[in-house]
Amino acid sequence: MMITFMNNSDSEEEPCNERTSLMSAESPPVPSHQDGLQASEAGEAQTHRKRRMGSSRSPNNAADGNMSGSSVPVRESALENEEEELTLKYGAKHVIMLFVPVTLCMIVVVATIKSVRFYTEKNGQLIYTPFSEDTPSVGQRLLNSVLNTIIMISVIVVMTVFLVLLYKYRCYKFIHGWLILSSLMLLFLFTYIYLGEVLKTYNVAMDYPTLILVIWNFGAVGMICIHWKGPLQLQQAYLIMISALMALVFIKYLPEWSAWVILGAISIYDLMAVLCPKGPLRMLVETAQERNEPIFPALIYSSAMMWTVGMAKPDTAARGPSQQTWDTAEDGRENHRSPSHSDSEISETRSPVPTHPITSLEELEEEERGVKLGLGDFIFYSVLVGKAAATASGDWNTTLASFVAILIGLCLTLLLLAVFKKALPALPISITFGLVFYFSTDNLVRPFMDTLASHQLYI
Amino acid sequence: KKPPPAPGCGFAAPGAALVLSFPHRAFFWLVSLLLASLIWFVSVHLSDQEDSKLQYGLLVFGAAVSVLLQEVFRFAYFKLLKKADEGLAMISEDGRSPISLKQMAYVSGLSFGIISGVFSVINILADSIGPGIVGIHGDSPYYFITSAFLTMALVFLHTFWGVIFFDACEKRRYWCLGLVVASHLVTSGLTFLNPWYEASLVPIYIITVCMGVWAFFTAGGSFRNVLKCLSCKASRPQRSR
């Protein structure tokens with residue numbers, strides 16, 4: 001899974017330039033995945049914009065006298081510092097914009113795991129993990145889980161390559177049909193199962209007509225919001241719900257040791273697929289950039305503000321998580337590669353903004369920038385925390401420790417994103433931290449805290 | 001619309017700082033707890049498991065090590081924040097960083113307190129839902145309520161310690177630092193007197209109130225401020241504290 005920063009510039013004539021918001025703004029964007037044309041456009045757009053910002057500030061300076069010094073070089077450097085301060089402030093905002101949905105998704109998953117018994121019962125396994133873990137010896141169990149992981153990862157690789165090939169040979173209809181079918185299944189079938197289990201747990205009776213009405217409304221509104229247009233918050237809520245449902249399916253159907261090994265293997269795969277020159281995801285991004293079009297707008301969680309997404313742009317508003325049991329995995333991985341492209345479309349449709357004092361510029365920038373994170377990332381983070389909640393013998397400390405570790409990993413990844421300014425895999429650091437903290441808390445901290453609590457000692 | 005004054009650009013940042021600092025701070029606290037548990041675990045497994053007095057002694061040792069490690073990591077976090085603060089100050093146009101060190105001290109102390117309190121109490125809370133009778137084996141029936149009060153005191157204490165600690169590090173008053181560490185050790189030691197709650201809860205709350213007053217004066221408050229705050233709330237200009 002990768003995360004990218006979206007920065008939409010606001011002027012009428014410049015296209016979007018991909019620029020992180022954590023680093024100083026005056027350095028031209030590193031043309032990592034951009035072809036030459038876009039990079040030069042971005043470069044001149046940036047200088048153009050800075051000149052515009054400078055000119056718009058000068059009457060303000062004279063009028064308000066807030067800025068010290070009116071000579072041009074001072075103003076220029078003040079401008080750069082102001083931009084850097086803005087970028088840092090907004091960088092912090094982006095981190096928060098990602099923390100909230102990730103936290104919400106994890107809360108939903110943990111709440112369900114802790115209350116609904118269904119998701120912790122062993123009721124069979126997916127066909128992608130055929131080897132059972134019910135063997136008596138430890139070695140055999142380990143071997144089985146490694147074999148399960150190999151099968152699962154190879155299926156993921158095959159599906160990813162298949163998707164890349166489909167994209168390369170322009171079979172867009174097939175891809176869209178696949179995505180729509182997957183989201184249909186997730187929004188209707190899995191929600192029906194989930195609702196049924198929740199009602200069973202709380203012993204609430206519901207008749208079929210009401211159930212059909214509720215599920216139909218939920219699913220239909222979800223399909224519209226995700227694939228067409230809808231209020232941003234509703235879209236985000238649906239994406240979070242869907243990631244949670246997917247994660248719950250994984251938690252239920254993956255055997256224990258296999259789940260941990262799969263998590264580790266997926267982060268390694270993610271690292272390689274995104275960063276290696278011949279990785280499928282990288283090829284996908286490069287193809288999309290050659291064609292100068294957005295990659296599937298589905299399967300990405302975007303935190304961009306309302307007025308950018310509310311524009312009637314069908315592809316940017318279309319988001320469709322794929323829901324065949326674990327297609328979400330690789331689909332989520334590819335999909336948040338739509339860095340500059342979908343945003344360039346957004347900025348082009350925006351009406352020209354007149355010159356204005358620096359504050360409104362700040363506000364506009366604030367509204368334009370968004371961060372994107374793939375849904376697969378949400379799913380695997382939630383799988384880790386959910387597994388911690390399910391298997392850690394009723395201990396909440398382990399769950400909390402994994403949760404904090406994942407958030408810290410996400411922070412670090414965002415920091416690296418600011419440093420390297422290109423799409424990065426979001427899984428490896430967080431999952432590594434999460435796994436390390438899970439195992440160490442479960443085996444070391446839990447006995448310590450339990451012993452302290454039994455004597456009512458506080459540290 | 002008038003642009004805000006330059007230092008005021010940081011107004012949005014404290015809210016962000018609070019949310020952001022929580023996972024960082026919690027992470028530091030968790031690492032300190034992990035190291036302490038590791039030490040305790042190793043020592044327990046190297047020693048005789050049947051000797052209960054020895055085990056209790058090892059527990060006391062583990063708790064003391066944990067307290068010291070927490071303070072060490074608090075210091076490490078202070079160093080980290082100082083560096084970040086200097087970085088922010090360098091790039092801001094008037095040489096001051098948008099977030100004041102006092103705010104950071106408060107936020108970091110609070111986050112420390114929250115994670116410490118949550119870790120202490122959440123298993124107890126989860127158990128309190130399930131069916132059971134408190135103290136059926138002869139322990140105190142006030143376990144839950146005293147745990148709640150102790151956790152509250154701990155959260156307050158960490159917040160106050162954070163403020164005092166950062167200020168002491170800033171002004172290099174090492175006796176303050178020593179006092180903070182000593183009071184943390186004393187507080188933790190007082191909990192060893194549980195379930196003799198009069199001897200543990202009451203002194204802990206006295207320490208909390210003293211630390212609160214000390215932190216208030218360290219953060220720049222005074223009696224005059226309190227009076228002004230209470231008397232002319234309406235006419236008080238809006239400014240961050």
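Helix packing in a predicted model

Helices H3(A) and H8 (residues 280–291) of chain A pack at an angle of about 15 degrees, with their axes 9 Å apart. Because angles under 35 degrees count as roughly parallel, H3(A) is roughly parallel to H8(A). Their crossing is left-handed, that is, the near helix is turned anticlockwise from the far one by less than a right angle.

Residues are numbered from 1 along each chain, chains are lettered from A, and side-chain values use heavy atoms, without hydrogens and water.

H3 of chain A covers residues 138–168 and includes A:Thr149; helices here are DSSP runs of H or I with at least four residues. At 4% relative accessibility, A:Thr149 is buried, where buried means under 20% relative accessible area with a 1.4 Å probe, protein chains only. Leaving out residues up to four places away in sequence, A:Thr149 touches A:Ser258, A:Val261, A:Ile262 and A:Ala265.

An unreviewed UniProt entry places the feature "transmembrane region" at several stretches of chain A, including 208–228 and 235–251; such annotations may be inferred rather than shown by experiment. Residues 208–228 of chain A are 95% helix and 0% strand, with end C-alpha atoms 29 Å apart. Residues 235–251 of chain A are 100% helix and 0% strand, and there the end C-alpha atoms are 24 Å apart.

Key. This is a predicted model: local features need pLDDT of at least 70, side-chain atom pairs count only at pLDDT 80 or more; totals for chains, interfaces and linings use all residues. Helices (H or I, at least four residues) and strands (E, at least two) are DSSP runs, numbered from the N terminus. Buried means under 20% relative accessible area, exposed over 50%, partly exposed in between (1.4 Å probe, protein chains only). Contact means heavy atoms within 4.5 Å. Axes are lines fitted to C-alpha atoms, for helices over the stretch in contact, and angles run from 0 to 180 degrees between N-to-C directions. Angles under 35 degrees count as roughly parallel, over 145 as roughly antiparallel, 65 to 115 as roughly perpendicular and the rest as oblique.
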